[in-house]
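Please read it with the structure open.

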Amino acid sequence: MMTWFDVSKLGLQKIQGRRGREFLMYELIQNSWDAAATVVSVELSKAPGARTATLIVEDNSPSGFRDLSHASTLFAESDKKGCATLRGRFNFGEKLVLACCDTAEIISTTGGVRFGEKGRHRLRQKRERGTIFRATLPLTNVELEACEAAFRTLIPPPGVTTTYNGVALHRRTPTTTFDATLRTEVADEDGNIRPSSRKTVVRVYPVLAGESGTVYELGIPVVQTGDGYHADVQQKVPLGFDRDNLPPAYLRALRTHVLNAVHNSMNPVEVTSVWVREALGTKDISVEAVRSVVTKRFGEKSVTYDPSDREANALAVTKGYTVVYGGQLSAGEWENVRRADVLLPAGKVTPSPKPYAEDGSPVQVLPRTEWSVAQRAVVALYERLAPHLIDRGIEVRIVVAPRNKFRACYGPRWPLDLNSPHLGRRFFESGCSNDVLDLLIHELGHEYESNHLSEGYYRALTRIGARLALAVARDPTLLRCDFG
Ligand SMILES: Nc1ncnc2c1ncn2[C@@H]1O[C@H](COP(=O)(O)OP(=O)(O)O)[C@@H](O)[C@H]1O
Ligand SMILES: [Mg+2]
């Protein structure tokens, strides 16, 4: 019977031309790690000026190859596909490696096989334990150097010694380790690979000088993220045949878990990185992570821009707060900020002065008949001056509002209220004093602008000051303030 498929070795080899040669080494090392080897040695060498290199990978796996036909059968059913904690699944990697070799030989516990110009043939040799893979393959000097550098980025599983030309991979110490439920791809009882979720351990490592943050699957680099850490997921991650990328949703979920685990040890520069911003906008970020990241990013003293109280925003700045505007956070980040109750609106933290509470009881107005002589005189002074300063007459009231903080209150639609308990008797009894004129200028400024910290308000004050000077120069009796 003819099989459905034949494979073009040359075609497969050429397709692999787009990938860096380190993938060959990675495929062989992961097969050895999957086979529970505790010692794996890689030798990659090339004679000066030669076109081809020799690659030898030897391990001490107790079982070795259980079925040597799997060395040459594409997509045979890998026994690893049902196991979330092994790297292999497609029964593809070894064949990709062979496709790129000129000659190769595998000797293992169940026998040996040689691949050469005349095809493949079985060898009579076999080993007690472990496997040796020996091959010649075309390799440039640049590729050779890239392989050596790529080898050093591997993270060896605990208890496994892995060497490259005699030098062992250095051990890395995780900064933190945590459990997370993440998407994985394992086969069901019928051998069909299905997406599922599973709880696993993730180890987080620091990025060393010259490295770029990377996501690993059980010690094998998958994709460079450029994030500020390496994350080594201790189970199968969702991978394509090239084993070099991750779905964006998976990466986002992983970043969120990492941020939940490491936010406490991050500095204010690190929290501005792209991956943190992405994680900060996801639903699964913890309230503690949101609080610490936002505080580090904007500082302890920070408020959000409050469109309902413009003056509060300006007040916050004068008091040393950072005001965070809408566009500085994404919709997801804002939602989490609200959920975590950080970053209150400026109107809550540095509210503008509001003389009467919105729901306050009606203010108690002192009837004219109860005014003192001094009060009468000051009110008369104010009523006389106002038309010269703002071109209209004003109504002046004396109010008794001991619990409200203001001394006086005025607006274009409000009489000028003088809060007698806060002004005190001396204010009125000093006649046309500095304080009396100062208060009038301050209050009449609100004819034009309520926000003390606005340009409109200071322009109103200088304008009123100038008009007062000229008016008094024309008629000094304007400042009269007689009382007996
Ligand atoms: N070093 C090794 N030790 C033991 N078995 C191995 C080794 N290398 C490969 N194998 C066997 O060969 C099979 C084919 O390897 P590979 O093509 O990489 O597929 P996968 O790793 O996805 O199963 C593996 O499933 C495994 O059974
Ligand atoms: Mg494999």
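Thr181 stands opposite Lys199 in strand S10. The model is predicted, and this pair of residues belongs to strands S9 and S10, which run antiparallel and are joined by 12 bridges.

**The five-stranded sheet**

- Strands S9 and S10 are part of an open sheet of 5 strands, in the order S9-S10-S13-S11-S12.
- The pairing in this sheet is mixed.
- Its edge strands are S9, residues 176–187, and S12, residues 220–224, each of which pairs on one side only.
- On average, neighbouring strands of this sheet are turned by 30° against each other, direction ignored.
- Helix H5, residues 248–262, packs on the sheet and touches S9, S10, S11 (214–217) and S13 (230–233).
- The direction of H5 makes about 160° with that of S9.
- Strand S10 itself covers residues 193–205.

**The four-stranded sheet**

- A further open sheet has 4 strands in the order S16-S17-S19-S18, and its pairing is mixed.
- Strands S16 (364–365) and S18 (408–411) are the edge strands, each pairing on one side only.
- S18 runs antiparallel to S19 (residues 414–419), and 3 bridges join the two.
- Cys409 stands opposite Asp417 in S19.
- In general, strands of a sheet pair through backbone hydrogen bonds, either parallel or antiparallel.

**Helix H13 and its packing**

- Helix H13 spans residues 434–445 and has 12 residues.
- From its first C-alpha to its last, H13 reaches 17 Å, close to the 16 Å expected at 1.5 Å a residue.
- The buried residues of H13 are Leu439, Leu440, Glu443, Leu444 and Gly445.
- These buried residues pack against S18 and S19, and also against helix H11 (373–390) and helix H14 (455–474).
- An α-helix has 3.6 residues a turn, so residues three or four places apart point the same way.

Key: Residues are numbered from 1 along each chain as its sequence is written. Chains are lettered from A and ligands numbered from 1 in the order in which they are written. This is a predicted model: local features need pLDDT of at least 70, side-chain atom pairs count only at pLDDT 80 or more; totals for chains, interfaces and linings use all residues. Two strands pair if DSSP finds at least two bridges between them. Axes are lines fitted to C-alpha atoms, for helices over the stretch in contact, and angles run from 0 to 180 degrees between N-to-C directions. Two residues are in contact if their C-beta atoms, placed from the backbone, lie within 7 Å. The expected span of a helix is 1.5 Å times one less than its number of residues. A residue is buried if 20 or more other C-beta atoms lie within 10 Å of its own, exposed if 12 or fewer, and partly exposed in between; C-beta atoms are placed from the backbone.
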